[in-house]
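Here is a friendly walk through a structure that you can follow in your own viewer. Have the sequence and the model open side by side as you read.

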2 protein chains.
Amino acid sequence: MVTIREVAAHAGVGAGTVSRVINESAGVSPTTRARVLESIATLQYRPNPLARGLSRGRCQTIGVIVPFFTQASAIERLRGVVAALGGSRYDLVLFDVETPEHRAEHVATLNRQRADGLLVMSLPLADDELARIMATGMAVVLVDAQHEGLPAVVTDDTEGGRMATEHLVDLGHRRIGFMGDDPDNEFGFNSSALRETGYRVAMADAGITPDEALVLHGPHERGVGTELAGQLLSGPEPPTAIVCCSDVQAAGAIEAIRAAGLRMPQDVSVVGFDDIEMATHLGLTTVRRPLFHSGQLGARLLLEALGVHPPEPQVHELDLELVTRTSTAPPGATSEPQGETT
Amino acid sequence: MVTIREVAAHAGVGAGTVSRVINESAGVSPTTRARVLESIATLQYRPNPLARGLSRGRCQTIGVIVPFFTQASAIERLRGVVAALGGSRYDLVLFDVETPEHRAEHVATLNRQRADGLLVMSLPLADDELARIMATGMAVVLVDAQHEGLPAVVTDDTEGGRMATEHLVDLGHRRIGFMGDDPDNEFGFNSSALRETGYRVAMADAGITPDEALVLHGPHERGVGTELAGQLLSGPEPPTAIVCCSDVQAAGAIEAIRAAGLRMPQDVSVVGFDDIEMATHLGLTTVRRPLFHSGQLGARLLLEALGVHPPEPQVHELDLELVTRTSTAPPGATSEPQGETT
DNA sequence: CGTGGTATTGGAAGCGCTTCCACGTCGTGC
DNA sequence: GCACGACGTGGAAGCGCTTCCAATACCACG
């Protein structure tokens with residue numbers, strides 16, 4: 001491992017001068033600079049990022065805290081982050097959160113030296129957790145979460161739930177079920193609850209009182225979607241349409257519909273949420289979340305926040321969009337609906 | 001930011017003692033240890049990882065070099081890595097490689113201080129690149145790539161190509177097309193070429209001389225799959241089956257088949273490669289690669305290599321498996337095939 | 001020829017940690 | 001009562017870098 005001192009010795013200058021050259025600081029004569037650069041090339045010198053970081057107090061790394069890295073939606077966001085970071089000089093450290101303990105651990109461990117900035121995805125951090133992070137001086141940007149005084153990239157989940165439900169109402173459905181995440185999940189995710197609110201708003205707007213037996217909750221898993229949908233469909237008065245708060249649960253629901261020997265959309269319509277790739281293949285009507293874009297924008301905001309002129313924290317709301325495919329139709333429709341939007 | 005010295009002062013001991021406590025080194029009396037731990041808790045002290053790394057010469061981080069982070073197969077592997085790293089004390093730094101320049105840059109930048117170990121995915125690194133990496137003393141594990149003297153996790157691509165083709169031959173196909181990656185791609189990926197070899201082996205075994213007009217190449221993209229398949233199908237003597245060297249290209253091929261007004265599998269059978277999630281939804285018969293498992297195993301091997309007793313470098317070959325779904329059937333089959341394997 | 005800048009430069013200090021060495025302070029065996 | 005380990009412990013040195021300060025050289029000007 002070549003050190004800066006060896007380079008200095010080789011070039012016949014002081015260590016400080018070499019440092020000035022690598023950092024492109026002003027005040028090095030062109031002659032000296034050239035000599036130093038040559039020595040660097042000859043010796044194949046690479047500055048030690050750790051030493052640099054220790055000395056400068058920052059490490060050219062941004063951390064991404066992402067719950068359930070294994071979920072398609074998280075991946076899509078991460079893709080956006082990677083894309084945005086592509087051109088920058090920052091490395092990306094991944095903190096996967098699968099349990100509340102993970103989160104606590106990461107928050108506790110985190111400090112300025114691990115990452116200069118932090119992208120927090122989907123996790124509604126508690127006040128004290130955020131306070132601790134802020135105390136380290138790290139720049140923080142939230143994606144799919146919100147907190148006073150912090151820049152954030154969000155979507156309107158309530159509106160999304162409303163859009164999905166309204167679409168079904170417009171098609172003529174009255175008995176509409178809803179499947180969402182557990183409202184009292186251990187992470188404090190609340191987007192599902194908001195979507196449920198949107199569902200209720202749309203129902204109310206249409207003058208329908210939701211049948212509480214048609215509103216079910218369970219973990220964000222495909223199998224759970226199958227199970228919940230099975231429950232809905234086997235009831236005394238099954239719904240003619242189901243709003244799912246994720247494409248994953250919707251995929252499960254579709255399985256349940258097939259298993260029950262029912263047809264989609266003739267017997268049951270299904271709307272999902274997210275528009276992950278799978279939705280295209282399933283022909284799933286869904287509320288598209290700008291996942292990639294949100295990750296990308298979040299990373300950009302973070303880079304800005306780390307820059308020379310950090311802008312005022314601002315909340316960026318990205319639009320949701322209803323993508324109509326073949327999983328929804330008027331209740332009791334007899335013919336296959338035509339045309340698939342990709 | 002609390003430093004080790006402040007903790008030492010608070011506990012009335014020397015900095016060395018505090019260090020010994022955090023690192024659980026022997027030689028600290030229980031009384032002192034308790035006092036120090038209390039001070040740490042009171043002051044909420046967190047060791048600075050940079051300083052620690054600088055001092056110890058390692059940074060508790062492993063790097064993952066992954067080309068085309070945006071590809072489903074890469075993601076699946078990464079999931080495995082994250083899973084394997086879950087319990088360890090190592091952080092994960094992601095190096096995305098989208099262009100050969102990226103790769104060169106990463107290899108140049110990399111040094112021991114950035115990561116203690118390196119997981120190289122799918123990238124056939126050149127000798128000099130590897131030499132440079134090895135010179136840093138980093139532990140290296142290859143996944144889906146191989147190099148003398150390095151631990152690796154691989155699959156037999158030739159055998160995979162053979163399996164896929166044999167399956168079609170067994171079904172009675174004779175005119176079988178092949179679609180693969182560009183053989184002279186800028187990264188030096190060769191798995192597609194190996195699969196093509198397997199295809200030729202299977203054809204030869206069946207006594208069939210492949211029609212070179214049915215062997216096409218193009219970038220690993222869905223759109224390209226559509227295009228190539230379109231070409232195959234519009235020829236004077238279209239194939240009755242196509243072996244695709246990835247599920248992504250296969251998905252494109254399926255589109256082309258639909259677009260051409262043909263039926264799958266009655267008119268054309270399709271076999272993919274990878275078994276990404278999409279394959280299930282497409283009903284795609286495919287050669288399953290143990291993607292998750294390979295990432296997980298790779299990460300485990302790396303952790304072992306970083307451990308106290310690094311094992312001898314070893315090449316671990318994981319099995320491929322043909323997953324039969326509804327995209328393949330005997331040529332000219334009249335009835336929908338039954339039963340879907342998930 | 002003296003004065004005050006400006007342009008370069010070397011090198012010490014310090015970032016926060018680990019680790020090694022030296023220094024007590026005991027307890028033990030004689 | 002003394003020598004000798006073993007055990008705890010403090011603290012200096014050093015990891016490789018940045019950055020600041022002082023020093024030098026050089027210039028133009030009067």
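E129(A) counts as buried, because its relative accessibility is 13% and a residue is called buried under 20%. Keep in mind that this is a predicted model. E129(A) belongs to helix α7 of chain A, which covers residues 127-135. Apart from neighbours within four places in sequence, the contacts of E129(A) are R103(A) and V107(A).

**Chain A as a whole**

Zooming out, chain A contains 13 helices and twelve strands. The C-alpha trace of chain A spans about 90 × 40 × 30 Å along its principal axes. How does the radius of gyration of chain A compare with that of a compact globule of 342 residues? Chain A has 26 Å, whereas such a globule would be near 20 Å. Buried residues make up 52% of the 342 residues of chain A. Looking at contacts in chain A with a separation of 6 or more, 71% are between residues 24 or more positions apart.

In soluble globular proteins, nonpolar side chains tend to be buried together. Here the largest nonpolar core has 50 residues. Which of its members touch the most other members? They are V64(A), L94(A) and L119(A), along with V64(B), L94(B) and L119(B). A second, separate core has 44 residues, including I65(A), F95(A), V154(A) and A115(B).

Not counting residues up to four places away in sequence, L94(B) touches V82(A) and L92(A) from chain A, and V64(B), V66(B), F69(B) and L78(B) from chain B.

R114(B) sits in the loop between α6 (100-109) and β3 (117-121) of chain B. Is R114(B) buried or exposed? R114(B) is buried, because its relative accessible area is 16%, under the 20% cut-off. The side chain of R114(B) makes a polar contact of 2.6 Å with the side chain of D91(A). Leaving aside neighbours within four places in sequence, R114(B) is also in contact with residues of both chains, among them P49(A), C59(A), Q60(A), T61(A), C59(B), T61(B) and F95(B).

S191(B) is part of helix α9 of chain B, residues 191-205. S191(B) is buried too, with a relative accessible area of 17%. From S191(B) to G307(B) the C-alpha to C-alpha distance is 31 Å, and the two are 116 residues apart in sequence.

**Around DNA strand D**

Now for the DNA. There are 28 residues around DNA strand D, and those that come nearest are I4(A), S19(A), Y45(A), T17(B) and T32(B).

I4(A) places a backbone N or O atom 2.4 Å from a phosphate oxygen of DNA strand D. The elements giving two or more residues to the surface near DNA strand D are α1 (4-11), α2 (15-22) and α4 (49-56) of chain A, plus α2 (15-22) and α4 (49-56) of chain B. By class, this surface has eight nonpolar, 14 polar and six charged residues.

**Around DNA strand C**

At least two residues of the surface near DNA strand C come from each of α2 and α4 of chain A and α1 (4-11), α2 and α4 of chain B. The surface near DNA strand C divides into eight nonpolar, 14 polar and six charged residues.

The table lists further protein-DNA atom pairs to look up.

| Protein atom | DNA atom | Distance |
|---|---|---|
| R5(A), polar side-chain atom | base nitrogen, DNA strand D | 3.3 Å |
| T17(B), polar side-chain atom | phosphate oxygen, DNA strand D | 2.7 Å |
| S55(A), polar side-chain atom | base nitrogen, DNA strand C | 3.2 Å |
| R5(B), polar side-chain atom | base nitrogen, DNA strand C | 3.3 Å |
| N48(B), polar backbone atom | phosphate oxygen, DNA strand C | 3.0 Å |

Conventions. Residues are numbered from 1 along each chain as its sequence is written. Chains are lettered from A and ligands numbered from 1 in the order in which they are written. This is a predicted model: local features need pLDDT of at least 70, side-chain atom pairs count only at pLDDT 80 or more; totals for chains, interfaces and linings use all residues. Side-chain values use heavy atoms; hydrogens and water are left out. A nonpolar core is a set of buried Ala, Val, Leu, Ile, Met, Phe, Trp, Tyr and Cys residues joined through side-chain atoms within 4.5 Å. Buried means under 20% relative accessible area, exposed over 50%, partly exposed in between (1.4 Å probe, protein chains only). Contact means heavy atoms within 4.5 Å. A residue is near a molecule or strand if one of its heavy atoms lies within 4 Å of it. A polar contact is a pair of N or O atoms within 3.5 Å; within protein, one must be able to donate a hydrogen and the other to accept it, and residues adjacent in sequence count only if both atoms are side-chain atoms. Helices (H or I, at least four residues) and strands (E, at least two) are DSSP runs, numbered from the N terminus. Ala, Val, Leu, Ile, Met, Phe, Trp, Tyr, Cys and Pro count as nonpolar, Asp, Glu, Lys and Arg as charged, and the others, Gly among them, as polar. The radius of gyration is taken over C-alpha atoms; the globule rule is 2.2 Å times the number of residues to the power 0.38.
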